[in-house]
Amino acid sequence: MTDSYTLPEQVKLLTQNSQLKGLMTIIRDKDTPRADFIFYADRIIRLLVEEDKSITTPTGNDYKGIAFEGRICGVSIMRAGEAMEQGLRECCRSVRIGKILIQRDEETHEPKLYYSKLPKDIASRYVFLLDPMLATGGSAMQAVQVLLDNNVKEEHIIFLNLIGSPEGIDSFIAKYPKVKIVIGELDAGLNKDKYIVPGCGDFGCSDCHLPLFW
């Protein structure tokens, strides 16, 4: 993470301990076998979903554990976001999952909605928006607008991603300041081709470790 960048208060960065660093090292390594990539990426995704909660035990002592916030559902930004669905289901077994497909328009180069299928009662739920990489933030912002158009409250959206860039976070927060972002690691930034560096490749690319659908 860049030392000069200050995370906005809406962004929760996972604790940068040796366990997380080890998992990230495995999924970033270009020589990691596909099966290992899937296994360890899934472990990080579960860390993103878990929410810290402090409670008091019958002995009167405090205990820091985890809990889940109210009625939730997941919405994956296809296709890379679908890689995060299994991790969410492992934490919340009966969770409902919606899907949004956004692709860049070849003429305007802007993100364009091609498909969406959401739970009918999504307006009454907290939504985990799933996308592993936050680069420019274009697709994620378009996906949030789809949720808002379906009467989801902005403050009920929690955007989960493994790796992000300062540029993407700043653009996203400027447009949707009430959305909470939970991120695994923050990278240095974007290169001239708008890819995150050092990054870990493209989760939705047929040439990377991860298949389009798990």
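The buried residues of helix α4 are covered by elements that include β4, β5, β6 (111–117), β7, β9 and α5 (166–175), where contact means heavy atoms within 4.5 Å, and where helices (H or I, at least four residues) and strands (E, at least two) are DSSP runs numbered from the N terminus. This is a predicted model, in which local features need pLDDT of at least 70 and side-chain atom pairs count only at pLDDT 80 or more, while totals for chains, interfaces and linings use all residues. Residues are numbered from 1 along each chain as its sequence is written, and side-chain values use heavy atoms, with hydrogens and water left out.

The residues of α4 that are covered in this way are Gly138, Ala140, Met141, Ala143, Val144, Val146 and Leu147, buried meaning under 20% relative accessible area, exposed over 50%, and partly exposed in between (1.4 Å probe, protein chains only). The helix comprises 12 residues (138–149), which at 1.5 Å a residue should span 16 Å, and its end C-alpha atoms are 17 Å apart, which agrees; the expected span is 1.5 Å times one less than the number of residues. Just after α4, Asn151 takes a positive phi of about 70°.

Helix α2 can be read in the same manner. Its 16 residues should span 22 Å at 1.5 Å a residue, and the distance of 23 Å between its end C-alpha atoms agrees with this. Buried in α2 are Phe37, Ile38, Ala41, Asp42, Ile44, Ile45, Leu48 and Val49. Seen down the axis of α2, these buried residues fall within an arc of 165°, so they line one face of the helix; the arc is that of the directions from the helix axis to the C-beta atoms.

In soluble globular proteins, nonpolar side chains tend to be buried together. A nonpolar core is here a set of buried Ala, Val, Leu, Ile, Met, Phe, Trp, Tyr and Cys residues joined through side-chain atoms within 4.5 Å. The largest such core has 30 residues, of which Leu88, Phe128, Leu160 and Leu162 touch the most other members. At least two residues of this core come from each of α1 (18–28), α2 (34–49), α3 (85–91), β7 (126–130) and β9 (157–164), and α2 gives the largest share, six residues. A second, separate core of 29 residues includes Val11, Leu129, Met141 and Ala143.

Side chains of opposite charge can pair when their charged atoms come close. A search of the whole structure finds 12 salt bridges, a salt bridge being a side-chain nitrogen of Lys or Arg within 4 Å of a carboxyl oxygen of Asp or Glu. One of them joins Arg46 and Glu90 (3.6 Å, N to O), and this pair links distant parts of the chain, since Arg46 lies in helix α2 and Glu90 in helix α3, 44 residues apart. Arg46 is partly exposed, with a relative accessible area of 33%, and Glu90 is partly exposed at 37%.

Another salt bridge is formed by Lys99 and Glu82, whose closest N and O atoms are 3.0 Å apart. Lys99 belongs to strand β5 (residues 96–104) and Glu82 to the loop between β4 (72–78) and α3, so that the pair, 17 residues apart, links distant parts of the chain. Lys99 is partly exposed at 25% relative accessibility, whereas Glu82 is buried at 8%. Finally, Lys21, Arg28, Glu185 and Asp187 are linked in a network of salt bridges.
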